[in-house]
Amino acid sequence: MKVLVPIKRVIDYNVKVRVKPDNSNVDLANTKMAINPFCEIAVEEAIRLKEAGVASEVIVVSIGDKSCQEQLRTGLALGADRAIQIDTDESLDSLNIAKLLQKIVEEEQPQLVILGKQAIDSDNNQTGQMLAALTGMPQGTFASKVVVDDDKVNVTREVDGGLQTLALNLPAIVTTDLRLNEPRYASLPNIMKAKRKPLDVKPASEFGLNLSARTKLLSVTPPATRQAGIVVESIDELVEKLKNEAKVIS
Amino acid sequence: MSILVYAEHDNSTLKNETLKTVAAAQAIGGDITLLVAGFQCQSVVDAATKVNGIKQVLVADNAAFEHQLAENVSLLVTELASDYQHILATALTTGKNFMPRVAALLDVTQISDIIAVESADTFVRPIYAGNAIATVQSLDEKKVITVRTTGFDAVATDGQCEAVAISNSNDAGNSSHVSDELTVSERPDLGAASVVISGGRGMQNGENFKLLEGIADKLGAAIGASRAAVDAGFVANDMQVGQTGKIVAPDLYIAVGISGAIQHLAGMKDSKVIVAINKDPEAPIFQVADYGIVADLFDALPELESKL
């Protein structure tokens with residue numbers, strides 16, 4: 001079966017983001033970019049399914065300008081078979097991303113679509129669920145375990161109270177949580193090989209969709225900073241402060 | 001304007017977080033309807049009718065909603081949506097799961113995890129793990145919103161309103177519930193506790209989390225953990241506090257052996273008072289702590305327990 005993995009290019013998770021002085025957005029100029037960590041887990045899961053003989057082909061897809069080809073090549077170096085870039089200079093809302101992905105799902109007919117549960121830039125946690133709704137597929141979000149069993153996939157999900165396991169009819173959508181797997185590093189020979197793997201570029205305008213903005217970003221500000229407090233010398237002093245100064249214990 | 005708020009519950013208890021989502025709905029302004037979708041959930045309905053500030057409770061008590069599967073609940077909410085301009089759910093795992101599905105079915109984008117309401121169409125939400133705060137205007141006619149509860153104070157529960165049963169039974173038929181592995185604990189829920197004590201990588205193993213239990217018992221605290229401690233297998237995933245785990249804002253947060261990665265801080269920096277216990281004086285956690293103590297946690301914890 002075919003597995004489709006949509007991935008996003010985001011700021012490297014080790015880089016602390018800065019807000020632009022005019023509060024129009026964050027400043028990503030000259031910032032190190034990387035594949036979104038949750039998306040990397042999604043790629044890894046798809047490749048493991050291929051290695052286990054469950055998946056026959058792994059396709060990575062990303063939406064953005066030419067720069068996201070870098071992340072697609074990373075996906076190919078990790079073991080994906082081919083890549084699709086949906087080319088656009090616009091920063092699209094999640095719903096529009098999901099609509100473009102729906103078109104790719106219709107073209108490619110994957111049995112499983114694995115996405116990261118959220119991107120670490122916009123923190124929306126919605127594209128996978130939206131794609132599931134648009135394609136009419138069932139969804140297993142925040143997955144910590146994925147087991148394909150014939151025409152079903154069992155997904156164990158990280159939920160507030162612990163873990164929940166669902167059985168979904170294929171084709172289905174899975175979004176990854178942190179504990180699903182630990183992604184591998186791409187080896188140098190695989191990075192070289194990835195350069196020769198197919199990467200299709202499709203202009204977003206080709207899909208005949210209305211991709212007009214659904215939201216308007218009015219401002220971006222730094223968060224309120226917390227003042228560092230004091231260092232106490234002893235547990236006695238700590239307990240005294242909590243009781244009499246902060247008054248949070250009695 | 002009318003607003004539909006989805007009640008977060010487990011068929012027996014209405015979660016306290018719902019009261020905060022109702023507060024967010026009040027900040028938008030309008031007639032508020034609370035939807036209880038579940039199965040054999042009368043006790044939730046009873047609690048829901050006492051929530052202040054709401055006009056009525058809609059009750060969809062049906063086997064199709066027993067596990068609140070996203071496929072089924074999203075069909076239900078979409079069916080009800082025509083009567084409302086705003087649809088709100090709590091940004092916990094249930095709401096995060098089905099709400100974007102509702103948004104897509106209604107052809108709108110979702111405004112996720114709002115922490116403040118500027119106006120009926122403009123909302124404030126953290127991005128980049130809370131390292132930036134965005135003010136976003138929704139251009140869609142209908143607003144589908146999830147609410148981060150640390151931004152709002154719970155409404156009271158001494159009200160009285162009517163519960164109206166609806167007969168909707170939406171079964172998409174493409175997913176089923178297999179099993180739950182829920183953590184059973186006598187302690188308060190992480191999201192609702194007024195005191196939280198969390199352990200990090202410095203705890204060294206799961207066994208050492210027992211050192212937190214005595215203190216938690218004395219303070220009536222919930223026990224949390226950093227991602228490092230969960231990833232290392234010390235404790236279960238549902239204890240993770242942080243950007244991708246639980247977001248908490250208790251009166252008192254005690255971070256033990258937690259260095260203070262930005263992803264962890266994003267989950268607890270709105271706590272009223274933060275205490276850090278760490279043997280590394282350079283640990284970033286001390287930059288957000290009101291009270292820090294540089295000490296070996298294996299000495300500090302037993303002493304703290306004995307002195308509370």
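About 6,600 Å² of area is buried between chain B and chain A, and carbon and sulfur atoms give 54% of it; buried area here is the accessible area (1.4 Å probe) that two parts lose on being put together, summed over both. The model is predicted: local features need pLDDT of at least 70, side-chain atom pairs count only at pLDDT 80 or more, and totals for chains, interfaces and linings use all residues. Side-chain values use heavy atoms, with hydrogens and water left out, while residues are numbered from 1 along each chain as its sequence is written, and chains are lettered from A and ligands numbered from 1 in the order in which they are written.

**The interface between chain B and chain A**

- In chain B, 85 residues are in contact with 77 residues of chain A, where contact means heavy atoms within 4.5 Å.
- Between the two chains, 6 salt bridges are counted, each being a side-chain nitrogen of Lys or Arg within 4 Å of a carboxyl oxygen of Asp or Glu.
- One salt bridge links the side chains of Asp107(B) and Arg214(A), at 3.3 Å from N to O.
- On the side of chain B that touches chain A, 36 residues are nonpolar, 27 polar and 22 charged. Ala, Val, Leu, Ile, Met, Phe, Trp, Tyr, Cys and Pro count as nonpolar, Asp, Glu, Lys and Arg as charged, and the others, Gly among them, as polar.
- Strand E14 (residues 215–221) of chain A runs antiparallel to strand E8 (residues 132–138) of chain B, and 6 bridges join them. Strands pair if DSSP finds at least two bridges between them.
- Thr215(A) has Ser138(B) as its bridge partner in E8(B).

**Chain A as a whole**

- Chain A contains 6 helices and 15 strands; helices (H or I, at least four residues) and strands (E, at least two) are DSSP runs, numbered from the N terminus.
- Its C-alpha atoms fill a box of roughly 65 × 45 × 40 Å, taken along the principal axes.
- Of the 250 residues of chain A, 54% count as buried, a term for under 20% relative accessible area, with exposed over 50% and partly exposed in between (1.4 Å probe, protein chains only).
- For contacts in chain A between residues at least 6 apart in sequence, 69% join residues at least 24 apart.

**Strand E4 of chain B**

- Strand E4 (residues 86–90) of chain B is mostly covered, with 5 of its 5 residues buried.
- His86(B), Leu88(B) and Thr90(B) point one way from E4(B), whereas Ile87(B) and Ala89(B) point the other way.
- In a regular strand the side chains alternate between the two faces of the sheet.
- E4(B) pairs in the parallel sense with strand E1 (residues 2–6) of chain B over 3 bridges, and Val5(B) has Leu88(B) as its bridge partner.
- E4(B) also pairs in the parallel sense with strand E9 (residues 143–147) of chain B, over 5 bridges; there Leu88(B) stands opposite Ile145(B).

**Two buried residues of chain B**

- Ala60(B) lies in strand E3 (residues 56–61) of chain B and counts as buried because its relative accessibility is 0%.
- Beyond its neighbours within four places in sequence, Ala60(B) is in contact with residues including Val36(B), Phe65(B) and Ile166(B).
- Ala60(B) and Val164(B) are 104 residues apart in sequence, yet their C-alpha atoms are 8.9 Å apart in space.
- Asn237(B) is found in the loop between helix H6 (227–231) and strand E14 (252–256) of chain B, and is buried, with a relative accessible area of 15%.
- Not counting residues up to four places away in sequence, Asn237(B) touches Val230(B) as well as Glu158(A), Val159(A), Gly162(A), Leu163(A) and Arg179(A).
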